[in-house]
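Thanks for coming, everyone. I'd like to walk you through one structure today, so please have a look at it before I start.

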Amino acid sequence: MLTELAIRDFAIVDHLELELAGGMTAITGETGAGKSILLGALGLCLGERGDAGSVRHGRDRADLSARFDIAALPEARAWLEARELPVDDCLLRRVVSANGRSKAWINGQPATVADLKGLGERLIEIHGQHAHQALLREETHLRLLDDFAGHREAVGEMAETFRAWQAARRRLKRLAEDGDELVARRQLVRYQVEELDQLALAEGELKTLEEEQEELAHAEERLREAQFAAECCDGDEDGAMTRLTQAINHLSALPGSDRGSLAEALSMLGEARIQAEEAARELHHFAVGTELDPERLAWVEQRLGEVHRLARKHHVMPEELTELHRRLQGELARLEGGDEDLEALEVEVDALRERWRGQARQVGEARHQAATHFGKAVQEQLAFLAMDKARFEAEVQERDTPAAEGMEGVRFLISANPGQPARPLAKVASGGELSRISLAIQVVAARHSTIPSLVFDEVDVGVSGATAEIVGQLLRRLGEQGQVMTVTHLPQVAAQAHRHLHIEKHAEQETTLTRMALLDEAGRVGELARMLGGVNLSERTLAHAREMLDASQRPHH
C-alpha cells in the first residue's frame, strides 16, 4: 500500500510530506483548495503525462515521490525482480522540469514512464473522472472476474501451458521449414565424417609421422657421409690414422735430445690417433645400424600428403583435423536424430495443445458461472448507490483464436436507464456514474483483489442524504480490507473514514500555497461542520457533526 507521498514545487504546493496508512482516508477541503493536486502528484509518480504547467511558478522543477509497502504484493515484487531491482522497498520518483522534460526513477534506478505505468498498475488503482481508469480496459474486466471466481492459479497454469505450446509450435515450424536444408547438410556432414573416418588420424600421429619422414628421408645421405668420414679416418693410405701413425713414427725416430723438445706435439698426435680410431669405430657402428626403407618412406610421405590435402579442403591446420573429426561426428549424430526429434516434437505439440484445451475448458466453464454471480452482486451494490434502475452485466465472449488467457474475453456492460440496451462502460458511464460503478465492483471483488490500494475521486457526485452515507459505508468496508483514499465533498462520506486529511489554500507573501494536515477528532468535527453548514459554524452544526462522527465509528451491518 501507499505509505508516503512527497511533493515539492508542484502546482501551488511548495513542500509536502505525507505519511499514509491502511483503512479509509478521506481528503476534503474547500473548492479550489487543491485536492486534485494530491491525485495529480500521485498520477505523475504512476506514469501520467507531465508538462511545464505542473511546476510551481518561479521554480525550476517539480519533484514528486511515492513509496509503497509491497510485502503483500507478489506481482509487484516479481515485476521488480524481473528487472533486477531491489524488492525490499518500492520508491517511485518523478521530476518534471520547467521546460516540460521529465525524468523517472524506480528504487533509485533510472526508469521510463512506461516502467512507472507498468509497475503502478500493480500497486494502486485510481478511479474517478481523471486518470487511471483501469475499469474501462477489458483486460481489467477479465482479471476482476478471475479474481472473483478465485481461480487465478488455474488461469496462471493455463497461460504457462499456452506459452509452452506456442514455443513448441515455433520450434516444429522451424524444423519443418528447414527440412530440405537439414537433409543437404546431413549428407555433406556424413560424407565428411566418412572421409575422416578413412583417414583415421590418431591423436599425436601427425607429429610422429613428420619426425619419421625426416628420419627416413635423410637416412641414405647420412649413411653415405658416415661411410666417407669413416674412410677418412681409417683408410689404407690416406686415412687419418695412417697419416698420424706415420707422423708419430717419424718424430719418435729423432735423437733423444730433439725428441724431448717435441714431446708435447708427439703426445698430442698420439691422442689424435686414439680419437680418430674412436671416431672410426662410432662411424662404422652407425653405418651398420642404419637401414634404408624406401617403401616405408613412400608410405609415410603418402599419408602426410593425405593429411595435408584434407586440412586444405576443410580450411584448417593439419593438427586441427582430429578436433574437426570429433565435431563433425557430434553434428552428424544430432542431424541423424533430427527425424526422431521432429516426431517427438510433433507429439509434444499435440500433448500441450490438448492439455491447454482441457485447462481452457475448465476455466471457461468457471468464468461463465462466475459472470452470472458477479453481475448480480454488482447490481445489488448499484441499487444501494442510487442507481437502482441500472442493469449491469459481465458478458463472457468467446475468442476466435486461442490465447494465453483462454478462449474467452470479458467486458462489463451497463444500462443506466430502463429500456436502454446494455453497452460497454466507456461508451455509457459518466464520470460520476463510473466512480460509483467502480465502487460497486470493487466492493464485490475486494475480497479477491490483488491490488489493496484504491483511490476514488469524487465518488459522491450526484448522490446525497442516505445514499451518500451508504457510499461512505462501502468505502469504509473496502478500507478495512486494504487501503482506500477518497476525495469527497460530502460529510456523510468523510465521517466514515478512519483518517481525515484536510487541504486548505492560503496566501503567504503574495504567493498562494496549499497546506495539508491530518485532523484529530476536534479538527474532524470542525471540518464536518464546515461541510454541513458553511463558514459560520453554530453549536447546532457542531453537534450534528459530532453526532455523525460518533455514529460512523459504530459497527455497520
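**A helix across a sheet**

Let's begin with helix H4, residues 138-149, which lies across S9 and S10 and runs at about 100 degrees to S10. That angle is taken between N-to-C directions on a scale from 0 to 180 degrees, with axes as lines fitted to C-alpha atoms, for helices over the stretch in contact. Helices (H or I, at least four residues) and strands (E, at least two) are DSSP runs, numbered from the N terminus.

Before I go on, a word on what you are seeing: this is a predicted model, where local features need pLDDT of at least 70 and side-chain atom pairs count only at pLDDT 80 or more, while totals for chains, interfaces and linings use all residues. Residues are numbered from 1 along each chain as its sequence is written, and side-chain values use heavy atoms, leaving out hydrogens and water.

Back to the sheet under discussion. The order is S9-S10-S11, an open sheet of three strands with antiparallel pairing. Strand S9 (391-398) and strand S11 (423-424) are the edge strands, each pairing on one side only. Two strands count as paired if DSSP finds at least two bridges between them. Strand S10, residues 408-415, pairs with S11 in the antiparallel sense over two bridges. Leu 413 has Pro 424 in S11 as its bridge partner.

**A hairpin and its neighbour**

Now please find strand S5, residues 90-97. Strand S4, residues 61-68, runs antiparallel to S5, and eight bridges join the two. What do S5 and S6 form, and how many residues are between them? They form a hairpin with four residues between the strands, and Gly 100 in the turn has a positive phi of about 95 degrees.

How many disulfides does a search of the whole structure find? Zero, taking a disulfide as a pair of cysteine sulfur atoms within 2.5 Å. Cys 45 is in no disulfide, and the nearest cysteine sulfur, that of Cys 90, is 11 Å away. Seen from Cys 90, the closest cysteine sulfur is in Cys 45, and at 11 Å that is too far for a bond. Cys 45 counts as buried because its relative accessibility is 0%; buried means under 20% relative accessible area, exposed over 50%, and partly exposed in between, using a 1.4 Å probe and protein chains only. Cys 90 also has 0% relative accessibility, so Cys 90 counts as buried.

Cys 45 is one of the buried residues of helix H1, among them Ile 37, Leu 38 and Leu 42. H1 (residues 35-45) is mostly covered, with nine of its 11 residues buried. Just after H1 comes Gly 47, with a positive phi of about 100 degrees.

**Near the start of the chain**

Which strand holds Asp 9? Asp 9 lies in strand S1, residues 2-10. Asp 9 is not a glycine, yet has a positive phi of about 55 degrees. With 12% relative accessibility, Asp 9 counts as buried. Ala 11 lies in the loop between S1 and strand S2 (13-19). Ala 11, too, is a residue other than glycine with a positive phi, near 55 degrees. Its 27% relative accessibility is why Ala 11 counts as partly exposed.

Thr 25 counts as buried because its relative accessibility is 1%. Leaving aside neighbours within four places in sequence, Thr 25 is in contact (heavy atoms within 4.5 Å) with Val 484, Met 485, Thr 486, Ala 497, Arg 499 and Leu 501.

**The whole chain**

To finish, let's step back. The chain has 20 helices and 15 strands. Along the principal axes, its C-alpha atoms fill a box of roughly 165 × 65 × 40 Å. Buried residues make up 43% of the 557 residues. Among contacts between residues at least 6 apart in sequence, 69% join residues at least 24 apart.
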